[in-house]
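Here are my notes on the model, jotted down as numbered points. Have a look at the structure first, then read on.

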Amino acid sequence: MLTLRPAVALVGAAHVIPALAVTALTAAVAFAADVETRLIFVLMVAVFSGQLIVGWTNDLIDRDRDRQVGRTDKPLAAGHLSSRTVTVSVVITAVVCVVASLACGVAPGLVHLVLGVGSALTYNAILKSTVFSWVPYFVAFGSLPVVVTLTAEPSHLPPLWMVAVSGLLGVGAHLLNVVPDLGDDAATGIEGLPHLLGARRIPYVAAGLLVGATAIAVIANAHMPWLWAGLGAVVVIALATMRAPGRTPFYGAIVIAAVDVTMLVLIAR
């Protein structure tokens, strides 16, 4: 059994706040799609376990780079957690993820495992250091509405606008999440899209993506003029958070995603 310290360190290495946010937003979309309650729970287990795998493997792969720049906030790099503990946790959680994903149905399960978790792992292992670092985020987040829709009705796919909105939100979150780490990444040779854009451009590009994603949802549902209020709220949130220090812009992106999901729930109703 894990002692308290390794357990806390394991949670710290899992990037748990984004994991919980993605899981909660997916559950809200599933609710809007009238997925039965039992399957919503199974879907949440699948998504959350997938997010844990992605977070842990990210820190495993980056362990030496994190040590090089003295990342004391990273449990693996700081020596508070062993690689073996994380590896065992990844293997156990991977079994849970596969079982829960396929319990939602073969089609949605494969989409989640290949396009969702698989794309994220490709980012961790390969694309993080390239100009294509945004692609796994677009694919992984864009696949979530597909997973939910296939879980609700195996013969249906979501509208393209919904996939585009989700994918663009993912790319915007990717850009903002990297901002606090740009200096450390530069010191260890990471040169993804955020690094090419630079800290000054990222807030503007990310704001454009997040507001643009919301605008797509509004335009695609032009018969519901009240959605413009949601777009206005997103613009205000973007203006208030995108230029803030630290990880505030990233959390602003999560709030914007929550606004978009709320709009989706209301559209579906």
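1. Residues 159-176 are 94% helix and 0% strand, with the end C-alpha atoms 27 Å apart. Helices here are DSSP runs of H or I with at least four residues, strands are E runs of at least two, and both are numbered from the N terminus. Keep in mind that this is a predicted model, where local features need pLDDT of at least 70, side-chain atom pairs count only at pLDDT 80 or more, and totals for chains, interfaces and linings use all residues. Residues are numbered from 1 along each chain as its sequence is written, and side-chain values use heavy atoms, leaving out hydrogens and water.

2. That span is one of those that the unreviewed UniProt entry annotates as "transmembrane region"; others include 7-33, 39-57 and 250-268. UniProt positions follow the numbering used here, feature names are shortened, and such annotations may be inferred rather than shown by experiment. Over residues 7-33 the chain is 85% helix and 0% strand, and its end C-alpha atoms sit 35 Å apart.

3. Now for the packing. H2 (residues 16-32) and H3 (residues 37-61) pack at about 155°, axes 9 Å apart; axes are lines fitted to C-alpha atoms over the stretch in contact, and angles run from 0 to 180 degrees between N-to-C directions. That makes H2 roughly antiparallel to H3, the label for angles over 145 degrees. Ala, Val, Leu, Ile, Met, Phe, Trp, Tyr, Cys and Pro count as nonpolar, Asp, Glu, Lys and Arg as charged, and the others, Gly among them, as polar.

4. H12 (residues 202-220) and H13 pack at about 175° with axes 9 Å apart, and are therefore roughly antiparallel to each other. Ala207, Leu210 and Val218 are among the H12 residues that meet H13, where Trp228 and Leu231 are included.

5. The contact includes Ile237 and Thr241 of H13, and Val255, Asp260 and Met263 of H14. Which classes turn up here? There are 10 nonpolar, 4 polar and 1 charged residues.

6. Finally, salt bridges (a Lys or Arg side-chain nitrogen within 4 Å of an Asp or Glu carboxyl oxygen): the structure holds 9. One joins Asp62 and Lys128, with the closest N and O atoms 2.3 Å apart. The pair links distant parts of the chain, 66 residues apart: Asp62 is in the loop between H3 and H4, Lys128 in the loop between H7 and H8.

Methods: Contact = heavy atoms within 4.5 Å. Parallel < 35°, antiparallel > 145°, perpendicular 65-115°, else oblique.
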